[in-house]
Amino acid sequence: MRLSLRVFFLLVAALGFLLYYAYRQLAPPYAVYDALTRSEVQTSLAVIEDPSPKKYVFFRQLQGAGFNNQVQEILLYHHLALSSSRVYVYQPLIWQPRRASLPLSGFLPGVTSGSITSAVFDKVCPPTEVKHVSLNRELDAIWEYAKDVLDGPDRCMVVDDWIFHWTFLASSGIHPIWPSFKSYLSQHFEWSFSILDMAERARPSGNEPYMAIHLRRGDFEDHCRSLASSQTGFTTWATLPQLNGAVLPPALDSANSTSIMEHCYPSLRRILDAIDSKARANPHVRALHVLHDGAWDHPTVYLQYYKLEAAVKSLERTLRAGWKEGPMKSVTHSGSLNVRRGESDWAVAVDVELARKATIFIGNGYSSLSSQILALRLASQAARTQDIILV
């Protein structure tokens with residue numbers, strides 16, 4: 001009995017130590033965030049106090065959606081503000097797992113530079129001096145109408161409606177934005193130093209070429225069923241005509257629910273077909289990084305990842321599939337990133353950066369994360385659509 005109690009207490013102590021260690025490792029960098037928040041206020045006040053005339057715009061934005069849903073929208077709103085010669089009023093990034101408000105400059109310093117934080121908006125634009133506007137129109141007219149309205153003389157504007165909604169992002173209405181947005185990304189997109197530092201440490205196989213694939217699983221199956229029911233096509237930049245030839249056959253038929261599920265929630269066989277096709281065309285690429293959403297509440301994602309890893313490392317299977325140089329030498333994934341203490345909030349952005357820099361990217365046209373990676377890759381001067389494939 002005494003031995004059993006001793007073992008019990010040892011197990012409790014060990015579990016307590018592991019939980020404490022995990023907390024210490026994963027605890028957010030509160031001191032860094034506090035310093036960034038204070039800095040945002042100071043730099044915003046400097047923008048306001050600059051004597052040159054300025055016009056400001058505050059948008060209604062997503063709060064608490066997925067990281068890349070928020071980033072995608074923030075970049076589009078910042079681009080719209082600059083296109084209308086207005087100072088963008090940025091809001092905190094809402095970190096969904098903790099429902100925490102994080103300083104945007106800790107992630108996207110290119111957006112916060114020259115902009116002002118919402119924390120000081122009332123100082124420069126008292127409620128009595130604000131003009132409230134609505135920008136929603138037909139999908140193909142939203143962007144130009146929004147620019148026309150924001151070009152108006154009012155110094156302070158607040159946009160009350162949500163214009164970059166899912167229907168617009170999945171429509172051809174976003175296509176006319178691409179030429180200017182591509183230029184915007186090349187000039188203004190920037191990750192924070194913390195993200196770039198992590199990405200450099202996490203880069204697969206040092207400076208060797210590698211593929212990146214987005215294995216979108218988790219809660220996505222139910223979402224895909226909903227999209228199949230509503231006959232919805234790809235989202236945002238995955239809808240660009242120049243990427244039509246990048247889709248793994250058979251092509252998407254958005255009027256066919258089976259076709260939508262095949263592309264939105266592809267089978268392991270289809271995912272391997274995409275990897276095989278790029279491995280045959282690029283035999284020098286011998287490393288793979290897998291972006292996935294495995295977590296304690298989505299443990300089966302790891303099982304699918306391990307099946308994928310085993311398949312691309314199998315000499316027999318890869319030779320049978322026509323790989324000239326044999327299987328992958330190295331396979332990494334989202335869960336294997338070298339995350340140091342206090343860095344876990346930046347891990348998803350590191351995944352995006354790794355996929356942006358990959359020799360080959362295999363994405364999911366229904367995912368905002370894949371769509372954001374597509375935009376960042378296509379905005380590069382070295383962009384090649386043949387280095388992209390959508391399952």
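## The sheet

Five strands make up an open sheet here, in the order β10-β9-β8-β11-β12 and with parallel pairing (strands being DSSP E runs of at least two residues, helices H or I runs of at least four, numbered from the N terminus; a pair needs at least two DSSP bridges). The edges are β10 (330–333) and β12 (388–390), each pairing on one side only. From one strand to the next, the twist averages 15°.

This is a predicted model, so local features need pLDDT of at least 70 and side-chain atom pairs pLDDT 80 or more, while totals for chains, interfaces and linings use all residues. Numbering starts from 1 along each chain as its sequence is written, and side-chain values use heavy atoms, without hydrogens and water.

## Helices on top

Helix α15 (residues 347–357) lies across β8, β9 and β11 (360–363), at about 140° to β9 (angles run from 0 to 180 degrees between N-to-C directions of lines fitted to C-alpha atoms, for helices over the stretch in contact; contact means heavy atoms within 4.5 Å). Helix α16 (residues 368–378) packs on the sheet too, touching β8, β9, β11 and β12, with its direction about 150° from that of β11.

## The largest pocket

The lining of the largest pocket counts 50 residues, with Gly66, Phe67, Gln96, Asp293 and Val348 nearest its centre (a pocket is an open set of points on a 1 Å grid over the protein atoms alone, where a 1.4 Å probe fits, with protein on both sides within 12 Å along at least five of seven lines; lining residues have an atom within 4 Å of a point). Helix α3 gives the most, five residues, and β9, α15 and α16 are among the elements supplying at least two each.
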